[in-house]
Amino acid sequence: MGQPEGIAKITWEDPQTKEKREFVLVEGATASIGRAPESDISIPERHVSRQHAVIAFRDGVFTITDLGSANGCFVNDQRITAPYPLAHGDQIRLYVPTLQFSAVVTEEEEATARKTGTIIVPAMGAGRPKLTATNGPHEGSEFILMEDVITVGRTTTDANWDISLQDRAVSRPHCRISKKNEIWSLMDLGSANGTVLNGNPVGAQPIPLKDGDVVKIGESTLMFRLAK
């Protein structure tokens, strides 16, 4: 079986060197975008948050979701507030820097991306997944899901949650992430302010999680990432 083919690309111009950068996305890939060096697409520009947005493959299309960035994420100059499906020719603007989304990838572009390491492929999920706090009191923190059942709640003197958040809008406890039959799922635990997954409320029934999913609880935004 051959290597999976690239089906989309993100192009942007480095704000410092003016060099054109190009990233090729394979079907099923997830790409985090931000100022942080560890982002899949790192943009070292002061208006860009450390973890600004994420592009994920959902239902046959790539969608972009804001990660609670300080300055917002815009598609074709419209600020997005929920996951937004990308189409060929869309312009993504991270307040100042702009990126172009294309659904056309030539063989030469894909070969160059593989050679330079700028091809983004789906996560293998062989190791332990993690939650990255992209907004809120714990912004920048990473929580490795070391157990198959993880309870998330507000930090208190007697809290015994697997992940404790110093977030006044988070309940005690708030939600639970668990793995069953190799599938990770999210469920709400009757929290006061609710749990939101990719813009949709989560109830007491477990909802499967995918790489790049965005979870909002209280005043915190968390990104779920499978191990590469």
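User: How many residues of strand E23 (residues 220-225) are buried?
Analyst: The model is predicted, with local features needing pLDDT of at least 70, side-chain atom pairs counting only at pLDDT 80 or more, and totals for chains, interfaces and linings using all residues. Residues are numbered from 1 along each chain as its sequence is written, and side-chain values use heavy atoms, leaving out hydrogens and water. Buried means under 20% relative accessible area, exposed over 50% and partly exposed in between, with a 1.4 Å probe and protein chains only; strands (E, at least two residues) are DSSP runs numbered from the N terminus. Strand E23 is mostly covered, and the number of its residues that are buried is 6 of 6.

User: Which residue of E23 stands opposite Ala 133?
Analyst: Two strands pair if DSSP finds at least two bridges between them. Strand E13 (residues 130-135) runs antiparallel to E23, with 5 bridges joining them. Within E23, Thr 132 has Met 223 as its bridge partner, while Ala 133 stands opposite Leu 222.

User: What residue in the hairpin of E22 and E23 takes a positive phi near 60°?
Analyst: Strand E22 (residues 214-217) pairs with E23 in the antiparallel sense over 4 bridges, and Val 215 stands opposite Leu 222. The hairpin has 2 residues between the strands, and the positive phi near 60° belongs to Gly 218.

User: In E14, which residue is the bridge partner of Leu 131?
Analyst: E13 is joined to strand E14 (residues 142-144) by 3 bridges, in antiparallel fashion. Their hairpin has 6 residues between the strands, and Gly 136 takes a positive phi near 110° there. The partner of Leu 131 in E14 is Phe 143.

User: How many residues has the largest nonpolar core, and how many has the other core, which includes Val 215?
Analyst: A nonpolar core is a set of buried Ala, Val, Leu, Ile, Met, Phe, Trp, Tyr and Cys residues joined through side-chain atoms within 4.5 Å. The largest has 25 residues, and those with the most contacts inside it are Ile 41, Ile 55, Ile 64 and Ile 92. Apart from it lies another core, including Leu 165, Leu 186, Val 215 and Phe 224, and its residue count is 20.
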